[in-house]
Amino acid sequence: MTSFPRILHLSTFDARGGAARSTIRIHKALLEHGLHSEVHVLVRESDAPSVHQLTDIPFSSRLAIAREHLSMMRRQATGQFGGYSSTGQTGAHLTHWINNHPADIVHLHWIQSLLSTRDIASITNPMLWTI
């Protein structure tokens with residue numbers, strides 16, 4: 001008997017922006033088709049019971065994420081903001097948690113400040129990234 005894959009969605013937000021809304025739409029569609037789907041986010045703004053906020057993030061990572069967001073806000077205030085961007089160097093150091101999660105597939109969405117390029121390279125589970 002074949003079991004359906006367990007899917008772990010990772011996104012920075014669950015309600016802010018088009019990528020967040022797309023994440024939730026995909027998640028709900030998978031649930032409607034009987035698949036096991038979980039969403040974990042850095043910033044949880046909705047009250048959806050199947051969306052979980054990531055809480056075990058080291059203080060040093062939270063500080064680096066805050067610095068990156070402050071830099072973006074400064075660019076916005078000075079008119080130098082050309083859209084959301086990331087150096088890919090800041091992450092929440094979640095690879096150990098991700099690699100030990102029982103998910104069969106890791107689905108990355110908008111992950112600015114959530115995962116660095118080094119973090120992504122360290123994920124051992126099969127993965128897809130919707131951009």
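In what order do the elements of the chain run from the N terminus on? Here are a few notes on that and on what follows from the atoms.

1. The order is β-α-β-β-α-α-β-α-β, with four helices and five strands in the chain. Please keep in mind as you read that this is a predicted model.

2. On the overall numbers: the chain has 131 residues, and 39% of them count as buried. Its accessible surface comes to about 7,800 Å², with 57% belonging to carbon and sulfur atoms. Among contacts between residues at least 6 apart in sequence, 60% join residues at least 24 apart.

3. Leaving aside residues up to four places away in sequence, I98 touches L8, L10, V106, L115, I123 and N125.

4. There is one salt bridge in the structure. The side chains of R6 and D104 form it, at 3.3 Å from N to O. R6 sits in strand β1 and D104 in the loop between α3 (95–100) and β4, so the pair ties together parts that are 98 residues apart in sequence.

5. How accessible are the two partners? R6 counts as partly exposed at 35% relative accessibility, and D104 counts as partly exposed at 32%.

Key
Residues are numbered from 1 along each chain as its sequence is written. This is a predicted model: local features need pLDDT of at least 70, side-chain atom pairs count only at pLDDT 80 or more; totals for chains, interfaces and linings use all residues. Side-chain values use heavy atoms; hydrogens and water are left out. Contact means heavy atoms within 4.5 Å. Helices (H or I, at least four residues) and strands (E, at least two) are DSSP runs, numbered from the N terminus. Buried means under 20% relative accessible area, exposed over 50%, partly exposed in between (1.4 Å probe, protein chains only). Accessible areas come from the Shrake-Rupley method with a 1.4 Å probe; for residues, only the protein chains shown count as cover. A salt bridge is a side-chain nitrogen of Lys or Arg within 4 Å of a carboxyl oxygen of Asp or Glu.
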